[in-house]
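Please read the points below with the structure open beside you, and check each one against the view on your screen as you go.

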Amino acid sequence: MSEKRVYRWTATAVVLLVVSSLVAACGRESGGGGASSSEGKKTLRVALIGPQSGQLASLGDWDYKGVTLAANEINDKGGAGGLKIEITRMDDQGDPTTGGNLARKAVSQKFDVVFGSSSSTISLAMLPILTGAKIPQVTSGQADALTQQKSQYIFLDSPTSTTYDATLAEYVVGKLGKKKIAMITNNGAYGAGEHDAFLAQLKKRGVKPVADKVIPPDQKEMSGPLSQIRTAKPDALFIGAEEVQSGLIAKQARSLGIDATIVEGAPAGTPQYRETAGDEAAEGTIVSSPYLSNDLNEQTRAFAAAYKEAYGETAELHGAKAYDGLQLVAKAVASLDGKVSGEAIAQAMHDISYDGLLGHFDYNDVGVGLSQTHIGVIKNGEVEAVEDAG
Amino acid sequence: MDLREILQTGVGGLSIGAVYALVALGFSIVYRTIGLVNFGHGDVLMVGAFLMVTFFVNSHLAFPLALVIAVALTATMGFGFERVLRPLERKDLDLMLIGTIGFGIALEGAAVLIWGSEGQAMPTPINDTPINLAGVTVRSYDVLVLVLAAAVVVGLYLFLERAKAGTAMQAAAMDHEAATAMGIDVARCNGRAFAIGAGIAAVAGALVGPRLYVSAGMGAAVGVKGFAAAILGGFGNIPGAIVGGLALGLIEAYASGSRGSYSDVITFVVFTAVIMLRPSGLLGERTVSRP
Amino acid sequence: MTLLRRLAGAGAVVVLLAVPYGVTYYGIHIANLVLIFIMLAVGLSLVLGYAGQVNLAQAAFFGMGAYASAVLTVKVGLGYWAAFPLSVIAAGLLGVLVGLPSLRVQSHYLGIVTLGLAVAFSAILVNASFTGQAVGLPGLPVPPLGPVDLSDEYNYYYLLLAAAGLLFALARLMVTTELGRRFQAMRDDALAAAHMGVEVPAYRMVAFVIAACYAGVAGALYAGLIRYVSPDTFSLAIMFLLLAMVIVGGRDNIYGAALGATVLLIVREQFVDLQKYQQVAYGLLIVGMVVAAPEGLAGLVGRVWIRVKRAIPGARVTPAEAERALGEAEVSGLGVDDGIAARAPLALVQDERQPDGVPALEVDGVSKRFKGLTALDDVTLSVAAGAIHGIVGPNGSGKTTLFNIATGVYGPTSGEVRAYGDRVSGRAAYRICDRGVARTFQALRLFRSLTVRENVMVALDRARPTSLWRYVLAPWTFRRRERALKARADELLERFRLSRVADFRATNLPYGQQRLVEIARAMATGPRVLLLDEPAAGLSSAEMNDLRELVTRIRDSGITVVLIEHNMGLVMTLCDRVTVFASGRVLAEGTPEHVTRDPEVIETYLGDADLLATGDGRP
Amino acid sequence: MSVEPTTEPVSSSEPDTAVTLLEIVGLNVSYGEVRAVRDVSFSVPRHAGVGIIGANGAGKTSTLKGLMRLIPAQAERMEFGGQALDRVKPHRIVDLGIGYVPEGRHVFPGLSVRKNLLLGAYRQKWDAAVHARLARVHELFPQLQESDKRLAGALSGGQQQMLAIGRALMSEPTLLVLDEPSMGLAPVVVDQIVEALRELRRGGMSILLVEQNAKVTFSVTDHCLVLENGRRVKDGPSAQLRHDPDVRRIYLGI
C-alpha cells in the first residue's frame, strides 16, 4: 500500500505547486494594470459587464453599442474633463456568479466606473462588491430591489418597474377605462418585478385582474395558461417578460383568438419584440417607455443618426439608456476638474442633473434618476407616441 | 378547467409533444443501433433549426425546399458526427455521457461563431390562422407540425420495415455478429443510423423554430425533455419514442396550465414516478446487442 | 523514499498556505472558488467514480446547501454556524431523496432521473417565495469567527482550505479502506459484490448521501463567501462543468477530481475574455480528453511520474506500481507451475455451526421458468455435509440456473433451496452469503479495479453499513482495523500461494491464477458450502491436478463443495456423488461409477448406448 | 428413442479429396491472457463433411469465429477456394461462399422468419432467384413456411435452429459452417436437424460441423478432428473415431 501512497502524494504536490504559482502569476499580472497614480491620470477606465451569450445577449449588445457611441463622441470633444474614456468589455454569460467574479476583477484592476449589468439579478449580485469598493455602478436593470439596497454608488439609467407600470396603469385603466385586465408574467427577476409593480398599481385603482398566470422564464409553449386567459375574456392583457418571450406570448395569444389589447413596459418597444411576435400580432400593443421612438426631438434624431451610421441598425431604448448613462458620468467627471475618485464621481452624479434622450435625470439617494415614462402604440411596425400621458 | 380548456391545453401539449417525439426518435434510433446515448443530440436539433433560418428566412427559399436542404445537410453532418463519436460507441456510460456533452458544447460554440449569439425569430411557413373546432381553437401551424411529424414517423417506419437497408440496420442492432456473418457492413449501418437520427432532429428543429426562438442555447432545454421522452416511452423503442414524446408534451401542458411556474417540477416528478414503477419505460426498452 | 514523500508533502502544505500572499484580490477569489469546487468534485468523484452511480444532481445538492444556509440565516434568523450543520443535513436528506431511484434503475436511466430531479429542484427555487424567487436572497451574513474578519476573502481562504483539507483527508481515508473497496467492487460487478456480502442497495444510498453532504458543506461555505444566492448559480451548466472536472481530472480518483477542478476553473477564468472561441475549445477539450485519455489527468501524471522515477537511478519501481500506472502486467514471468497446492488447512475458522446429519444443501422441488422457457423442472437433490457433490450435463441443461437460485441471483418459480436446514432461495444474495453459502462464477467475475488482496479483503470484511459512523466519529480506529484485515487476507493468500501477486490487479493475472483468486475470494467469506461453477474450464492439465488437490483440501477442512464441471475426468476422481442434469430435469444420481454406467446418461452424452459395450469396460 | 437413425456416416457423394475447399494452417486465437486455440491445422475437401469435437471450452467455437474473422485470429495460412481469408473483411466472407450458423443460433428476434431468411441473401438482389431459394429452404424445413410471418424471437429452440440453418443456405454457400446445432434441443428435434444435414450432404454441400454431441457429428461427417484445451489431440475418419477409447475418455472421463 505504501508505494501507491508515495506516488500519489508526490504527484499531487508537484501539480499543486505548478498550479498555485500559475494562480499567483495570473493574479499578479492582471493586478499590475490598474496601478497608474491618480495625479498623472490620463484616462477614465470604464468596465462594461454584461451578457454576450445566452438569452440576454441582445441586451448586453445594445448597452455596449450605446456606451461606445457616447465614449467616442466625448473623446472626440477632448474627453471627460480632459480624461480619455477607455471601455473594457467583460461577458457575465448571464450568470450572477460570473457577474460577481467580474465585479471583483474590476475592483482588483481599479476601474473608475462600472456599467452593468443589463439583468437585474446580475446587477444585484455585483452591487455589494462595487459599493464596498466605492466604485460607481450604472445599471440598465430596473427591478425595484436594486433601489432597496440603500447604496450611494448605484445609478439606474432608466426608471424603475414601478414608474413604468404606474404610467401604464394610469393610461390603460384611467384613460382607456379597461376593467377586465389579464396578466401573464414570467417568474424571472424582471418578470416578477413587473408583476408586483403592475398588480400594486391595479389595486391602487381598485381593479382586480381577471386572470394572473405565472410561467417559467424559458417556457416557450404557452397554450395552457393562454387558453385559461381566453376563457376569462379580458379586454387588456399585461405581459411581464423579456423581449423574446413577450413576442412569443403575443403571437400565441393572437393565434388562440385572444384579441385583447396587449399592454407592456419597455420590452414591447424593441424591434426584437415586433420581429418575434410578427407585425400582425404586435399591432396595437400599448407600450410604456421613457424612449418611445427616435424622432421625439432634435437630440434623439441626432443620436439615432449617429447610431445608424456607427452600427447600421436603428437605435432603440436600451442603446439610448446606455448613451445617456455615460454622458451623465462624463458630465459628473468634468465637474470634478481632476480630483477623480469613486466617491467624488458618485457624489457629483447625485449633485448634477442632465437632460438626456430619456428625459431629465436627477438622482435621488437610492439611485433612481428618471421617474417618468411615456405611452406609445405600435402602428404597422412603428411605435407612435400617444399624447403625453406622464 | 372546463372541457374546452382541457381540450385546448391538450392540443397545445400534442403540438410540443410531437416535437419532443421527433427528438426522442433521434435519441432512440442512435441508441438502438449503435448503443450511443448522444447528450449532444439537442444541439444537432439546434443546427438543423439554424440551417432552416439561413435557407427559409434569410435566403427566402420555399419552406419545403429549405426543409429538404436543411435535413440533407444535417444528415450528411450526421455521418461526420458519427465518425467523431465512434470511439465512444459501446463504451461505458460515464465516458459517453461527458464525451457527447462536450460535443454538444462545441456545437453550441460553433453555432455562436457562425450565426451569432443573439439568435433569430422564425415566422411560421403558413399564416397561423386559428381554426375553430367546436370551441377549441387549433392553430393551423400546429396541424402542419403534427402532419409533418406523422409523415416522418411513417417514412421511418417504411424505411425500417420495407427497405432492405432498413431491415439490415435493424438486424445490425439486434445482433451485430450474426449481421456481419450475413454480409452486413455494421459500421456503415451505424453511420446511416446516426445520419437518420440527425436528419429527424433537423426536421424537429425546423418545426420547433417558429414555436420557440432559434438561438444557440435552444438545444439544451429541448434535448433534456426529448431524452426524458425517449426514456419514458422505453429507450431504443421506436414506437415508444412517439408515445413518450406525446405523453411528456401533455404532462407539461397540463402541468403549466394548472400550476404555471411549477410545470418543470411536476413534469419531472411524474417522469421519475413512471420510471420508478416501470424502469424500462412504457413500451419496454430495446437495448442494442452489447458485445 | 519516505524522505522524498515527506519533503513533497511539506512542500505542498507550505505552498497552499502561502497562496494568499502571492495573489491579487481577484486571484484569491478564484482560489476560493477552486477550493469550493474541489469539495464538490471530490464528492461527485466518490459517488460517480468510485461507486459508479450516475449522479447528475450534484449541482442541486450544492444549491440546497447554499439555500438552506441562506434561508436559515436570513429568513429564520439563525446564526451562520448554527445554520451550517442544518444545511449539510438538508443537503444529505435531498441526497437520500435523489438516491432512491438508484435502488430501481442504473446507468443512463439513473442519469436522466437525477437530472430531472435537479431541474425540478431549481424550478422550486425559482418559484418558492421564501427562497426569494428568481432574484434569490441577497445580503447574507458574514460567518463570525472571533477576531478574524471573514468578509475579507484572504482570511476566508484559510477557512475554505481547512474545510477542503478535512473533506479531502476524509475522502482519502474512505477510498483506501473498506468503504472505498466496497464502492469499487459494487461498481465493477454489483452481482459479484452482493455475493461477497456487500449490501449493494444500502451502499448506493450511502454514496449519494456522502456526495450530497460534501456538496452541502461546499454550498454553505459558498453562501458565506459570496453572501448572495440565486437559482442561476446552481444550473445545469454548473453540473456539466462539475462532471467535466471529475472526468477530465480522472474518474475514479479523488486526486484527479481535485486536479480537474483546479485546472478547469483556471482555464475557464483565463479564457473568459475570448468568449466566442472558448466554448468550442472547451467542448473539444472534453471530447478529446475522454477519447484520448479516459483515465484523465491523474492517469497522465501517474504515467509521467513512473517514467521519471524509473529514470532516477536507485528509485525502485515495484511491478505493482508499474502495472497500475502503465497497465502492463509484468506478471507473465510468474509461471503457474509453482503450484497452488497448499499445506495448511484452508478453512479459516473451524465452524461449529454444522449440526451433523442435516444435509449441507437441499434442493426441494425447484422449478424456474423464464417467459415460456422452462430452465428447471421440479428438481430435487440433496448434498450431504462434508461431501464433494458433482453436477454434470450438456450445455443449457439448467445447472447454472440452479446455482443462481441457491445464491440469490434470482428466486425460484416454485420450490425451495435450504442450506443446513434454513431457507436461502428467495433471499438477497448478501444475506445468503452471511448464511455461509459462497460461490465462484462460470465466467470470471473478479473486481477489475482492485488488486488480488483487495478482492479478498472485500469478502473478508463482515462490517455492516451501520458501522459507517466510525468514519466520522472515530476515524483513527481504521488504522488498526485495516492492519488486522490485511493480515487476515495475507494469511489466506499465503495458503493459496498467491502472496507474490497480492498487489497486482486481479484481472491482469494469467487465467489459471485468476480462477484461483476467485476460489480464494469465495473462501474468504468463511463459507460452510462452496459452489464451484466450472472451475476447470480453460485450465491446463497441470493446473487441473492442482485444482483437484485444492478442492480436496477445502473439503477436508470441513467445507461441503458442490461442483458444476464438464471435465468428466475431474468429476470422476473428485466427487463422492454426481447428479446428471438434462434439459432442466435430474436424469440420474449416484456414485460416479454407477452414473456413467446408466444407459440413459450415455445416450444423452455419447448418444449411443452400445458404444460403451464395445469398450473394454475399463473403469 | 423414436426413429432409430442409421448410424453409419452418409457417403453418397464421395469427398473430392483432390480439391481442397478450406485450408487452415497454424490457427491461433486468444482472449487477453487465455489462449483458446493453439496452432490448429485442418482442411475441408470439396463435398466433404469435417467435424470438430471436444469438451466445452476446448476451443471449437473460437476456431470457427477465427475462421469467420468475427474475432481477431492469427494463422500461417487461411485459404478458402484459393483465396487468403485473413485479407477479407468480416462482412465479405459470405461472398466467398461460406454460410455460417452461429452457436446459440443468433436469429434476429425482432424480425419475421421471412425477413431473417431474406437477410441470409443480403449480398444479392432480392430477385426471383432468391425467392426460388426461399422455396427450397421451405421444402427442407416445412415448419419455417408455416411460421413465415411470425417473429423469430417467438419460435421454439428447434425452429430457431432450422431458421439459422435456412438463413445460411440463402446465400447459396459452397461450405456450410455450423456451431453446435444440437445444443439444448430435444432428441427428436436433433434427429430432424441431422436428417436435413444428411440431405444437404447428399446434394453435394460441404460441411464443417462443430458439435459436442459425438453421435450427431459422426452421422454427418466423413472426417473428424478432436480438440482438447485448444490443441488438436486426434483426428481421423469418423467411422474409426466412433469406437476410439480416447474419444470415450474425453466424453465420459473413464
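1. In chain B, 66% of the 291 residues count as buried, and please keep in mind throughout that this is a predicted model. The chain holds 11 helices and two strands, and, read from the N terminus, its elements follow the order α-α-α-α-β-β-α-α-α-α-α-α-α. The radius of gyration of chain B is 19 Å, close to the 19 Å that the globule rule gives for 291 residues, so chain B is as compact as a globular protein of that length. Along the principal axes, the C-alpha trace of chain B spans about 60 × 50 × 35 Å. If we take the contacts in chain B between residues at least 6 apart in sequence, 77% of them join residues at least 24 apart.

2. At 1.5 Å a residue, its 23 residues should span 33 Å, and the C-alpha atoms at its ends are 31 Å apart, which agrees.

3. Chain A has 13 helices and 14 strands, and buried residues make up 62% of its 390 residues. Among the contacts in chain A between residues at least 6 apart in sequence, 68% join residues at least 24 apart.

4. How many of its residues are buried? The count is 13 of 13, and the helix is described accordingly as mostly covered. Just after helix 8 of chain A, Gly257(A) takes a positive phi of about 85°.

5. Is Pro209(A) buried or exposed? Pro209(A) has 21 C-beta neighbours inside 10 Å and therefore counts as buried, given that the cut-off for a buried residue is 20 or more. The residue is found in the loop between helix 6 (189–204) and strand 7 (211–215) of chain A. Setting aside residues up to four places away in sequence, Pro209(A) touches Ile181(A), Ala182(A), Met183(A) and Leu202(A). Between Pro209(A) and Asn187(A), by contrast, there are 22 residues in sequence and 17 Å in space, C-alpha to C-alpha.

6. The largest nonpolar core has 515 residues, and those with the most contacts inside it are Leu237(A) and Ala41(C). Apart from neighbours within four places in sequence, Leu237(A) is in contact with Ala182(A), Ile184(A), Ile229(A), Ala253(A), Ile258(A), Ala260(A), Ile262(A) and Val263(A). In soluble globular proteins, nonpolar side chains tend to be buried together.

7. No contact, however, joins chain A and chain D, whose closest C-alpha atoms lie 25 Å apart.

8. Within chain C, the axes of helix 6 (residues 153–175) and helix 9 (residues 200–226) come within 11 Å and cross at roughly 180°. That makes helix 6 of chain C roughly antiparallel to helix 9 of chain C. From helix 6, Tyr156(C), Leu160(C), Ala163(C) and Leu167(C) meet Tyr214(C), Val217(C), Leu221(C) and Leu225(C) of helix 9.

9. In chain D, Thr217(D) lies in helix 7, residues 214–218, and counts as buried because it has 26 C-beta neighbours inside 10 Å. Not counting residues up to four places away in sequence, Thr217(D) touches Gly51(D), Ile53(D), Leu209(D), Glu211(D) and Cys224(D).

Notes
Residues numbered from 1 in each chain as written. Chains lettered and ligands numbered in written order. Predicted model: local features only at pLDDT ≥ 70, side-chain atom pairs only at ≥ 80, totals over all residues. Helix = DSSP H or I, 4+ residues; strand = E, 2+ residues; numbered from the N terminus. Rg over C-alpha atoms; globule rule 2.2 N^0.38 Å. Buried ≥ 20, exposed ≤ 12 C-beta atoms within 10 Å, placed from the backbone. Contact = placed C-beta atoms within 7 Å. Expected span 1.5 Å × (residues − 1). Core = buried A, V, L, I, M, F, W, Y, C linked by C-beta atoms within 7 Å. Axes fitted to C-alpha atoms, helices over the stretch in contact; angles between N-to-C directions. Parallel < 35°, antiparallel > 145°, perpendicular 65-115°, else oblique.
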